[in-house]
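Hello,

Here is the structure we discussed handing over. My notes follow below the model.

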Amino acid sequence: MSSDDLVCPPDPTSAELGLGIFLLIGTVVSFLPQHIKLYQKKTHVGLSISKVVLATMTASTGLTYYALVENYGAFFCCFDDSLVCFANVNNFLQLVVIVLCDQVILFMFIYYFDHSWLHEAGLDAIAHWVEARRLSALVLGYQCLLALLFGVVVGTTGWNSREGRILGMTLLLVSSLGQFLQWAPQIWRTYKLKHIGALSVPMVFLQAVGAALTAYFFYLDSNGESYTWVPFVIACVLITTLCVLATVYWWRDRKEEKRKESEEKRGLINDASA
């Protein structure tokens, strides 16, 4: 696609603008339960480091893809209307928010790394700690590589070049694969542990709904030759699977807690009667 073929997207309707704002705010809200739960529990147990790392890397890949392929409508069609400008750049902002929120989870995973729990579970805490630090460094290195590739392609071939679109489509494939790789370990870990640990069920539910809405919104807003929505469809299917699994274990644990409370109350009543 040449620069002469590029056209600005049509002005957004009130419904599209409202949905975009809702998704931007909803993206932050969907991550908050996990942030809060990590802060409250102060432990990484229940979260898969591979999932956290891949989530950050996948989000960074999607952001770079969007900047390469969707940049014209997002950055060069603002004109003098602030609402139109916000609507055009909203998808980019949403991807930025996802990267930042995933980055916060990665930071909290490292900060609240629970050495004592690993020792009590008979696991090698030092090995797990070294692995977590190395994977965190991998994320930083990968993000620097994406920034370098973006700078080289745009700097040498310009915006909306053939080379940029080829790199963008490659990153789209990487992002789609990343969605599978980031959620599959968390699904397996949750199934293996048979409890949710530090995993936030509300966050998983909100992210499943958010992924579905985001996929739909990105599909409506795509320029016909981009497929930003594809990774979100894959994410929606996988997150929904995790949500069902986590809900089953949460409900089982809740019933078990109520049963124990009931038995304790009966024990106290029997002791008082004796």
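The axes of α1 (14–41) and helix α4 (residues 82–111) come within 9 Å and cross at roughly 10°. Axes here are lines fitted to C-alpha atoms, for helices over the stretch in contact, with angles running from 0 to 180 degrees between N-to-C directions. The two helices, α1 and α4, are therefore roughly parallel to each other (angles under 35 degrees). By class, their contact has 18 nonpolar, six polar and one charged residues; Ala, Val, Leu, Ile, Met, Phe, Trp, Tyr, Cys and Pro count as nonpolar, Asp, Glu, Lys and Arg as charged, and the others, Gly among them, as polar.

This is a predicted model: local features need pLDDT of at least 70, side-chain atom pairs count only at pLDDT 80 or more, and totals for chains, interfaces and linings use all residues. Residues are numbered from 1 along each chain as its sequence is written, and side-chain values use heavy atoms, with hydrogens and water left out.

Overall, the chain has nine helices and zero strands, as DSSP runs (H or I, at least four residues; E, at least two) numbered from the N terminus.

K42 lies in the loop between α1 and α2 (49–69). K42 is not a glycine, yet has a positive phi of about 55°. Its relative accessible area is 43%, so K42 is partly exposed (between 20% and 50%, 1.4 Å probe, protein chains only).

S175, in helix α7 (residues 162–193), is buried at 4% relative accessibility (under 20%). S175 touches T58, T61, G62 and P231, not counting residues up to four places away in sequence (contact: heavy atoms within 4.5 Å).

Regards

Key. Angles under 35 degrees count as roughly parallel, over 145 as roughly antiparallel, 65 to 115 as roughly perpendicular and the rest as oblique.
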